[in-house]
Amino acid sequence: MRKALMAAVAACSLLAASSVANAQEKLKIGVMATLSGALTSGGEDGVRGVQIAAKELGNKLGGREFELIVTATDASPDSALRAARKLVEQDKVQIIIGPLSGSEGIAMRDYSKTVPNLVMINGSSGALETTFVNPSPNFFRFNSDGAMWMAGLGEYVLKDKGYKRISIIAEDYSFPYTQVFGFALGYCRAGGQITQRQWVPLGTKDFGSVIANIPDDVDAVFLGLGGGDSVNFLNQYSQTGGKAKFIGGSIMVDQTVLSSKGAAKRLLVGTPSSGGVADAWDDPRWKAWVKLYQESFPADKRFASPSLFATNYYNAVKALAIAMDKVKGDIADGGAKLRAELAKVELDAPNGKIKLDDNRQAIATTFITEVAELPNGDLTNKFVRAVPDVTQTLGLSLDAFKAVGLPSRTNPECKP
Amino acid sequence: MSDFVARRPIWSLVILVAVALLLWLVFSVWTPGMEAAFGRKRVFLSALFNGITLGALYFLVASGFTLIFGLMRNVNLAHGSLYLFGGYLGYSIGELTGSWLVALLVAFVVVGLVGVLMQVFLFRWMEGQDLRQTLVTIGLSIIFADLLLWSYGGDTFQVTTPDWLSGPVTLPLAVALRSNGEAVLMTYPLVRIAILVGAIVLGVLMWLALNRTRVGMLVRAGVDDRDMLSATGVRVQLVFVMVFAFGAGLAGLAGVVGGTFQSLQPGEDTRILLSSLVVVIVGGMGSIPGAAVGALIVGLAEQFGSVYMPTYAVMLTFVIMVVVLAIRPQGLAARR
């Protein structure tokens with residue numbers, strides 16, 4: 001008994017010693033992504049984005065070697081909280097890349113305030129509140145929020161496509177609220193009408209009744225769904241033989257859906273949308289990124305071209321690398337210098353120039369796109385136009401933007 | 001039936017009126033006033049049909065669950081895992097062979113075999129120890145879930161609908177009138193109708209097997225008094241293994257069906273388990289007609305809830321369960 005006890009103590013001290021030694025050599029970077037639930041395919045592509053950036057950086061940040069610790073979430077705020085606690089308390093990371101989904105982001109804004117030494121760089125989450133309401137001093141977001149990704153789409157579908165009355169089907173959480181908010185601001189102000197909004201739970205399996213509930217007299221249906229839900233909806237919609245035209249939310253017509261199996265995604269051909277990337281943009285930086293992405297993974301382990309998630313996670317790591325180079329990898333001061341440098345980073349990203357505002361929220365480019373079929377049968381997002389330097393207030397003054405209120409199921413009202 | 005009418009004249013009348021009202025709602029052309037009150041007829045009909053087909057899926061899962069419970073008093077909390085396993089298996093077989101029917105068959109047989117293994121190697125050795133069996137099934141469900149996550153990942157899978165079942169059919173039900181008086185007919189996915197018909201056929205076959213065959217007689221005798229059956233010289237263990245295999249096989253079959261008109265992903269196992277628990281609690285533990293009634297109620301509640309009160313739809317099924325537990329704790333169709 002005594003011997004066993006001694007052995008156990010010895011083993012423990014060895015383990016403790018080795019972990020201390022490791023902490024001095026290798027930097028640990030936590031990565032949070034949705035690796036289960038409806039947004040799994042997006043989470044996987046986000047992790048690919050991080051891996052590509054890590055490889056490109058030679059696995060070094062500011063001269064220090066680093067290792068990635070990937071934790072899975074499922075798009076719910078409490079799963080994000082569990083993952084972040086695990087990374088901070090158990091793995092002792094000081095830098096986290098993530099989370100991916102809207103409501104996770106809001107939870108992480110609040111959590112990061114309780115761990116002042118932590119540096120958190122958003123993966124791909126896009127709720128407005130994350131950086132707009134009581135922003136956290138150590139939460140940085142190098143991607144646009146859901147509303148910014150909709151900048152210009154409302155006017156485009158009304159004027160160029162002639163969709164005068166639409167209905168909305170979207171998931172019932174903060175990111176789709178933000179997307180509909182951004183879309184409706186432009187669309188309704190330009191004179192469009194939203195006749196119905198249907199909110200379905202994230203991870204809905206059965207869209208039968210929702211599909212039956214689509215009004216007959218609308219020109220198009222705005223779909224604010226993502227990942228598995230999008231695929232489910234399209235499959236079931238094609239089973240009913242419906243012929244409505246669609247308008248896509250940013251992750252509805254993303255590669256996560258366009259690269260999915262099955263024929264139902266063909267319903268999306270011709271669907272206008274907008275977001276942080278345009279698959280078929282002919283900017284040399286974007287093309288270089290697509291090539292890098294395609295060369296980094298075999299064709300069956302990736303999408304045809306990088307999704308919004310891969311691009312955002314990749315940008316997050318690249319921004320971190322710039323700031324870490326400035327501080328020479330020194331985060332022993334609790335990350336204060338790193339945070340100061342991160343706030344100043346101006347990123348020449350594959351999807352346009354990105355800089356941060358006072359709330360550490362990106363000011364970036366939005367792309368209006370349209371789904372098209374390539375000769376080889378793949379679906380892609382054709383570039384229509386770019387809206388550069390979109391700010392979080394969507395060009396309104398801060399007071400005017402605040403007067404609209406926060407995104408919700410019913411806000412903004414659609415009064416032309 | 002006539003017995004029921006004689007004993008409960010008032011209830012019979014209520015049920016008759018409700019059925020008549022429902023039929024009238026289904027077949028009549030709705031007036032604008034009705035549309036204002038209930039929404040459009042197409043929405044109502046679609047919720048009704050979707051609820052019934054969803055009920056058919058729940059019936060497939062819950063009937064195996066309730067059969068196993070009724071005979072062995074074993075609350076098999078790994079039943080949801082068997083469903084998910086069957087679904088994934090069906091997906092793989094479907095991709096491999098390109099045949100949906102083969103996928104159904106293989107899922108039924110293989111998951112049934114897993115059920116045999118579970119009964120022979122685990123539950124036999126802890127017969128009559130309810131708590132221990134329940135804990136073991138919880139453990140199994142966790143192991144299954146992790147194994148499935150390991151081999152299939154967290155992505156969403158969908159079993160491909162065969163061509164002969166894809167697309168819509170037109171039903172002879174008018175949902176609205178065009179301005180020229182011509183009726184707009186209801187269209188509905190063929191695959192859902194096929195699933196509904198399949199579930200009804202299976203339910204009737206199960207009822208016949210239970211009530212008209214010798215094996216069914218043994219099973220019913222086992223449900224009533226296991227010890228006495230064993231004392232008459234019947235090899236009770238063999239009956240147990242058979243029932244467990246059949247119940248598990250049904251869960252696997254339902255997995256393929258669910259994977260066809262919904263989808264498969266981690267977490268589906270607990271969702272389906274929860275639904276079947278609610279179904280058998282509402283319908284009555286151990287009763288096949290109870291499973292049918294319960295599945296229908298839960299399916300309809302979910303669909304009508306999601307149309308007419310989306311915010312509280314999740315709660316509705318549990319409200320129903322609580323009400324049933326309060327006024328008829330043994331379940332709607334239970335004998336005792």
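A polar contact is here a pair of N or O atoms within 3.5 Å, where, within protein, one must be able to donate a hydrogen and the other to accept it, and residues adjacent in sequence count only if both atoms are side-chain atoms. The model is predicted, local features need pLDDT of at least 70 and side-chain atom pairs count only at pLDDT 80 or more, while totals for chains, interfaces and linings use all residues. Residues are numbered from 1 along each chain as its sequence is written, and side-chain values use heavy atoms, with hydrogens and water left out.

**View 1. Polar contacts and a salt bridge between chain A and chain B**. Between the two chains there are 14 residue pairs in polar contact, both residues at pLDDT 80 or more. Two salt bridges (a side-chain nitrogen of Lys or Arg within 4 Å of a carboxyl oxygen of Asp or Glu) cross the interface of chain A and chain B, and in a salt bridge the side chains of A:D206 and B:R192 meet at 2.6 Å, N to O.

**View 2. The extent of the interface of chain A and chain B**. Contact (heavy atoms within 4.5 Å) involves 26 residues from chain A and 31 residues from chain B. The buried area, which is the accessible area (1.4 Å probe) that two parts lose on being put together, summed over both, is about 2100 Å² between chain A and chain B, with 40% from carbon and sulfur atoms.

**View 3. Domain 1 of chain B against domain 2 of chain B**. An automatic or database domain assignment divides chain B into domain 1 (1–30) and domain 2 (31–327). These domains of chain B bury about 1000 Å² between them, 82% of it on carbon and sulfur atoms; in domain 1, B:V26, B:V29 and B:W30 lose the most area to domain 2, together 72% of what that side buries.

Technical notes
Chains are lettered from A and ligands numbered from 1 in the order in which they are written.
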